[in-house]
Amino acid sequence: MKRTFLGEFEEVVLLVVAACTEDAYGVIIWEQLQEQTGRSITISAVHATLYRLEEKGYLSSQMGGATAERGGRRKRFFTVTALGSRALLEIQEMRQRLWQAIPQGKLQLIGQ
Amino acid sequence: MNPNQPPPPPNWPDKLLNWLVAPHLREEVLGDIHERFALRMQRLGERRARQTYWREVLAYLRPQFIKRRPSEYAKPLFTDMIRNYIKTAWRNLTKNQFYSLINMTGLTVGLAVGLLILLWVQSELSFDRFHRQADSIYRLENWAGTGSSRQIWTVTVAPIADYAKKQVPEVNDAVRISYNGSYTLFRYKDKLFKEDNTFFTDPSLFPVFDFQLIQGNPAAPFPDNSSVVLTETTAKRYFGDENPLGKTLSVDDKTSFKVSGVVRDFPKNSSIRADILLPISLMFKDRYTNRDDDKTLANDFSQFNYNTYLLLQPGASISSVAEKLRAIHLSHKPDDTDLSYLLQPLPDMHLYRADGTNGGIETVRMFGIIALLILTIACINYVNLSTARAMLRSKEVSMRKIVGAARSQLFMQFLVETALLFSLATLLALGLIYLLLPVYNQISGKELVLNLLDSQLWQVMGLTILGTLAASSIYPALLLSSFEPLKALRGKISARLSDVAFRKVLVVTQFAVSVILIAGTFIIGKQLQYIRSKELGYDKTHVFAFFMRDMGKHYEAVKADLLNQPGVAGVTRASANIVQLGEQTGDTQWDGKEQGETMFVYPVAIDKDFVPFFRMKLQQGANFTGAVADSTRFILNEAAVKAARIQNPVGKRFKLWDRDGTIVGVVKDFHFASMRQKIEPAVFYYAPDRLNAIYVKTTGNEAEPVLAATERSWKQYNANYPFEYFFLDKLFDNLYRVEQRTGTLFNLFASIAILISCLGLFGLATFTAQVRTREIGVRKILGASIAEIIQLLAKDFIRLVIIAIVIAVPIAWYTMHQWLQNFAYKIDIEWWVFGLAGLLAVGIALLTVSFQSIKAALMNPVKSLRTE
């Protein structure tokens, strides 16, 4: 299976999309990201990452839900694809394995 | 303004985004940032929101957002349309193969011939311009003589060059070149050649002109008087691959020369060309040492024998230099009051006569114009055919317009179509040029090469092709793109009146050009015929001649021997070549000569057989008798008698050089130069020691044995020298080689121009017949005869051709009249020439048109009416 490398920011964005309870689109995702990571992020960076993820096949999107603040423009709603979920799960699994492989007491040493 | 509605975000950033961000992303991006703007407004207030808005917008300036998504549908962008145009054009070309063929042939031939001519013109114009100092080099010439005897000399006296350098500040340098007739037979080991093209020259030849010394020292090319400089080719002839420098050539078995330099072969477009160069100091040494008179190089102002070139300072006044030189000349030889100096720019030497009037430039202009005419005719063909056939494409144009094509796009389309046809034609034309070049070089006597690395060649070709492309594409493109779709679709565009009129104008132009060229061909042909058949005043048939060298001492024995040969009709001798006399002198005296007057004469030493041998007519008096007393007798030609204004010349005193004597006879004028020149004064005198040219007349059918016998006799006295003879007829033809070439080329070009015009006419006629197929069918059914139908179709064209003739005749008359001015002896232009030319044009047009007309007229009306 072809593995696509997922960057750290991409991974976070993908997770945020997956975690969204409502329909995920640019502004919502951005707000969640700010909230969860505490970083200051420009919306263009979010957009860029979303499109990149879509290109890679981890996200799919559809248009809809125009509002007045948007000047009547539609939103692009993103959902995680099967490929996206599998990628997330794989990453989690790998991390899990690594976490379990850490010998007892080592983490404290490192932590010092 | 509605207070509930939040203020909109700033306008400018939005515009920027609209322009920058790829279309498929625009909507959501703008939507999202607007939404964010609204949120910020609520939280932070309008001012902060606006500030951050700008920052956010600028953050979209990255390739990911700007890059457009490739579309699966064709976008009507520039390149896509061009591709479509080319496809349409190609389909059109292949669909109408007949018209494409006509167009292609016309354009290809036109371009090829036009370019060939322009190459020739370019090569003519490039003469002598390759010297870096070409603009500052002048040839020094003299005006000499008075009244009808006034003439220009391109040779000067020797000392003037030295005085010019020393005493005229504007003169930077001077070069003298003089023909070498004294050292002719060069030998290296077993290689022996008689050299005819050798010159004495000043060493300044190399710094002044751009003749490149490959070996040797340019500052001192001739270290001493026995030095010689060879051209590369000449050096190869003697020494092969050996290094020529320092090798010794023995000359005439008397002296020897050491090779001191090798010069690159003189360029073909140089007026100064030689095989071997000798130091001019050697010539002066031979001429001025051991003389019994007091003439020296510094004071000999009467020997006009040197081509002198002056290198002037930039911006020097030519006339003032000429004045100063005249003053110098007069201070040394006060009685030359009728002599004045003038300077001709070096680059003018080839195409202008010595006095600056038009020479070869006339031909160059004529051919330049012919090239333009041929190209014009080819363009007209294209324009005519494509506009005539425009109707057939009106539907396509209309559809394109209705679908949304702008006029400029249609214009572009037809431009591309023409360009496509042109590029094909250009390729073919280049191939054709490549094939024709050897033949063309042979006819034109040039050595043109298609050097694709030559930038000048590309300039000529590029300009020609662009020019013709522009001329032939713009009008059809304008016309075709101008159709109004509704009218065109209803079939109502039956070509506006002005278009038809324009086409007629073009056909008339084409045929006018053809008529001019036909008439020109006739007149040039007649003039050439006239020159060759004009009574020369002497009989040169079956005469061959050669210079006797050592045979001259035994002339009487040789003569007796030859006269015994069967096939020899006569033998005589003279000092010069009668077909083209070269030597001229102004050193003449006669009773009644005015102070300061000079009459230049061509002096020819002859023996008593000369006049009867050439069947010359004595107008008055008697021939030489062969007695010793002949050496004080002169025979003048009529021109000399007239120029000297001598009444009853026989018995009057005459003096040539220091030879005092009386006139015993007057010979009828005879042509001893090209017909371009008037017959000038000539004087026969008797001097047995100068008679080194022998003339042998054969009976005609036995030339071979006579030549063999002569050669045997030659070998007897000149064992070492090759026997070189020439027939006067052939020599005479050489006089007119340039004219013959001009004539041949003119014929050729005229035929091609006419051919291309006919091609166009043929296409037009075919088209007319095609369009009128049904009309012809109906007419036939109603009882029209075949003759009537042919007449109907041909009438229009014939009318145009007749108009063309009316326009062409005066132009043809004027131009040919101008051309004939080049000749002192010329034909009168007769009216019937134009009649014939016109008739021919009508005939050709009729022939071209009638083929299609007859075909159309013979067609079965049932068939033609069933079409569509």
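Author: Chain A and chain B touch: 15 residues of chain A are in contact with 16 residues of chain B. This is a predicted model, where local features need pLDDT of at least 70, side-chain atom pairs count only at pLDDT 80 or more, and totals for chains, interfaces and linings use all residues. Residues are numbered from 1 along each chain as its sequence is written, with chains lettered from A and ligands numbered from 1 in the order in which they are written.

Reader: What makes two residues count as in contact?

Author: Their C-beta atoms, placed from the backbone, lie within 7 Å.

Reader: Which element of chain A gives the most to the side that touches chain B?

Author: Helix 3 of chain A, with five residues. Helix 2 (26-37) and strand 2 (75-80) of chain A are also among the elements giving two or more. Helices (H or I, at least four residues) and strands (E, at least two) are DSSP runs, numbered from the N terminus.

Reader: What makes helix 12 of chain B mostly covered?

Author: In helix 12 of chain B, 22 of its 28 residues are buried. Buried means that 20 or more other C-beta atoms lie within 10 Å of a residue's own, all placed from the backbone.

Definitions and conventions. Buried ≥ 20, exposed ≤ 12 C-beta atoms within 10 Å, placed from the backbone.
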